[in-house]
Amino acid sequence: MPRSRARATTALAMLLLATTACTAVERESTPVPHTTALPPVTRRAAQLTLPLDAYALTVDETHVVEDAQDILMRGCMNAMGMEWKPLPHVDAQDIEPPNLRRYGAGEAEALRYGYHRPPDPPSVVRRNHAWDEREALPAEVQRAAYGPSGKGGCLKTARHQLVGDTAPPDYHAFNQLTGTALETSRRAPDVRAAQRRWHTCMAKAGFNYPEPMAAAVSKRWNTPEPTPAEHATARADAACQRSTEVMTIWAATETRIQRRLIRQNTDRLHKAKARKDRWLAAARRVLHREGG
């Protein structure tokens, strides 16, 4: 694994790449009443899996590999008389589903935070803080842990102990194909029709956006905290997504497109998955041996 923190691969950053420049005129409207209940769209978004998901490590799986490497690095560092503090565990419920915002803002988040990302849960904050502490380690410890290149030292030793000469998981194929699938599905006739229905619904609420992505990435929301206008827009967006079922239609369309891409790239994806599976299986063996 690269020396970096685990990040979701298909969240809002992917939306920003896939979204073309759109102009939108917004007008104020009466906000949709706030609710704390988990709406149906959010449940579907949280449970959404796509065919290409099988070919890349999830954030949770990346944590598994990082934790196994940590165990092996600790032995290497201790042998040199240096302490190595393991990364704190992230609670399962604190890991955001990979496709939650793939087609726009998640509904529960939109109702509470507008289009801003929710604050990181405590266990995520703790792990990120631990990464920050590692970046501030003394130079001598940094060299022992990572070598001059950032890929050597005990990290290189740990990786070799973990998987031998197996190269790290290949994200290039996954990122390229999942981006292609998202953009292709976005232009598909049935998705366009659903977006037009969503647009009509939003217009009735007093907002003029061509599609959910345009609403989610509007530059108006580049503020420290969600504004009343952002809350109103996001709540109308969530209600319109629910009534038009745009997310359900979009996911079904992209699923078909991803399956076609998998058939067209079988060899490439098979190799990527084999590397992913070997790293993950090796990491789980280490954690099992350590009782983790």
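## Basis of the model

The structure is a predicted model, in which local features need pLDDT of at least 70 and side-chain atom pairs count only at pLDDT 80 or more, while totals for chains, interfaces and linings use all residues. Residues are numbered from 1 along each chain as its sequence is written, and side-chain values use heavy atoms, with hydrogens and water left out.

## Overall architecture

The protein contains 13 helices and two strands. These elements are DSSP runs numbered from the N terminus (helices: H or I, at least four residues; strands: E, at least two).

Of the 292 residues, 49% are buried; the term denotes under 20% relative accessible area, with exposed meaning over 50% and partly exposed in between (1.4 Å probe, protein chains only). The accessible surface is about 14,800 Å², and carbon and sulfur atoms hold 55% of that surface; areas come from the Shrake-Rupley method with a 1.4 Å probe, and for residues only the protein chains shown count as cover. Among contacts (heavy atoms within 4.5 Å) with a separation of 6 or more, 84% join residues 24 or more positions apart.

## Helices α9 and α12

Helix α9 (residues 189-204) packs against helix α12 (residues 246-264) at an angle of about 165°, and their axes are 9 Å apart. That angle makes α9 roughly antiparallel to α12. Axes are lines fitted to C-alpha atoms, for helices over the stretch in contact, and angles run from 0 to 180 degrees between N-to-C directions. Angles under 35 degrees count as roughly parallel, over 145 as roughly antiparallel, 65 to 115 as roughly perpendicular and the rest as oblique.

On the α9 side, the contact involves D190, V191, A194, Q195, R197 and W198, which meet V246, I249, W250, T253 and R256 of α12. By class, the residues of this contact comprise six nonpolar, two polar and three charged; Ala, Val, Leu, Ile, Met, Phe, Trp, Tyr, Cys and Pro count as nonpolar, Asp, Glu, Lys and Arg as charged, and the others, Gly among them, as polar.

## Helices α6 and α7

Helix α6 (residues 139-146) and helix α7 (residues 153-163) have axes 2 Å apart and pack at an angle of about 25°. The two helices are therefore roughly parallel to each other. R143, A144, A145 and Y146 of α6 meet G153, C154 and L155 of α7. Five nonpolar residues, one polar and one charged form the contact of α6 with α7.

T49 is placed in the loop between α2 (40-47) and α3 (59-79). Its relative accessibility is 61%, so T49 counts as exposed. T49 and T255 are 206 residues apart along the chain, and their C-alpha atoms are separated by 8.9 Å.

E245 occupies the loop between α11 (228-244) and α12. With a relative accessible area of 44%, E245 is partly exposed. Most residues other than glycine have a negative phi. In E245, however, phi is positive, near 55°.

M213 lies in helix α10 (residues 212-216) and counts as buried because its relative accessibility is 0%.

Beyond its neighbours within four places in sequence, K276 is in contact with D53, A54, Y55, A56, L57, E61 and P169. K276 and P168 are 108 residues apart in sequence, yet 7.6 Å apart in space, C-alpha to C-alpha.
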